[in-house]
Amino acid sequence: MKKIVLNIAVAFGVVLFVGCAGETSDRKKLEEVAREVNRMAPKKFDKYTTLDSAAVGQDLELTYYYTLDGIEEDGLDIDVDMAQKQLKQQAQATVDTIKAMAIFKRPVMLHYKYNDADGDKMFEYTIKTKQK
């Protein structure tokens, strides 16, 4: 069986931060990002990956919810641990280097949660933006 590693465009969510620049609070900026994601959701990234929604949590936390679907039907097998590790590294590298993150005065926690088509948890990870 083929092994696949998910290469999901983490930049999609991060790019939304650009539109939230201004003098508003960090919390308000996160709320605007979640509204924009939810307005566009569901957003299909590739044949298997859909961004379902986003939600603002306590303090400065934003959670992205994804569904992975159709992988087994195509005879593919995901190395979940590897996918989680690589996606976390990719997401952290993106937020560490993208200038749009400078709109936040304080660090932001970004949670990424992946479920299968039945809504069962596959994996999740959390990254933190750097304080500028």
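The protein chain has three helices and seven strands. This is a predicted model. From the N terminus, the elements follow the order β-α-α-β-β-β-β-α-β-β. The protein chain counts 132 residues, and 38% of them are buried. Among contacts with a separation of 6 or more, 60% join residues 24 or more positions apart. The protein chain exposes about 7,400 Å². Carbon and sulfur atoms supply 49% of that area.

Now turn to the aromatic rings. The structure holds seven aromatic pairs. One of them joins Tyr-66 and Tyr-112. Their ring centres lie 6.4 Å apart and their planes meet at 20°, so this pair is stacked. The pair links distant parts of the chain. Tyr-66 sits in strand β4 (residues 61-68), Tyr-112 in strand β6 (residues 109-116), and 46 residues separate them. Tyr-66 has a relative accessible area of 4%, so it is buried. Tyr-112 is buried too, at 2% relative accessibility.

Tyr-114 and Phe-123 form another stacked pair. Here the distance is 4.6 Å centre to centre, with 20° between the planes. Tyr-114 is buried at 1% relative accessibility. Phe-123 is buried at 3%.

Next comes the largest pocket. The space in it is about 250 Å³. It is lined by 13 residues, and the closest to its centre are Leu-68, Ile-71, Glu-72, Asp-116 and Met-122. Strand β5 (residues 76-78) gives the most to this lining, with three residues. By type, the lining of the largest pocket holds six nonpolar, one polar and six charged residues.

Conventions
Residues are numbered from 1 along each chain as its sequence is written. This is a predicted model: local features need pLDDT of at least 70, side-chain atom pairs count only at pLDDT 80 or more; totals for chains, interfaces and linings use all residues. Side-chain values use heavy atoms; hydrogens and water are left out. On a 1 Å grid over the protein atoms alone, a cavity is a set of points where a 1.4 Å probe fits but cannot get out, and a pocket is an open set with protein on both sides within 12 Å along at least five of seven lines; lining residues have an atom within 4 Å of a point. Grid points are joined across faces, edges and corners, and a volume is the space filled by probe spheres set on the points. Helices (H or I, at least four residues) and strands (E, at least two) are DSSP runs, numbered from the N terminus. Ala, Val, Leu, Ile, Met, Phe, Trp, Tyr, Cys and Pro count as nonpolar, Asp, Glu, Lys and Arg as charged, and the others, Gly among them, as polar. Buried means under 20% relative accessible area, exposed over 50%, partly exposed in between (1.4 Å probe, protein chains only). Contact means heavy atoms within 4.5 Å. Accessible areas come from the Shrake-Rupley method with a 1.4 Å probe; for residues, only the protein chains shown count as cover. Rings of Phe, Tyr and Trp (its six-membered ring) pair if their centres lie within 6.5 Å; planes under 30 degrees apart count as stacked, over 60 as edge-to-face and the rest as tilted.
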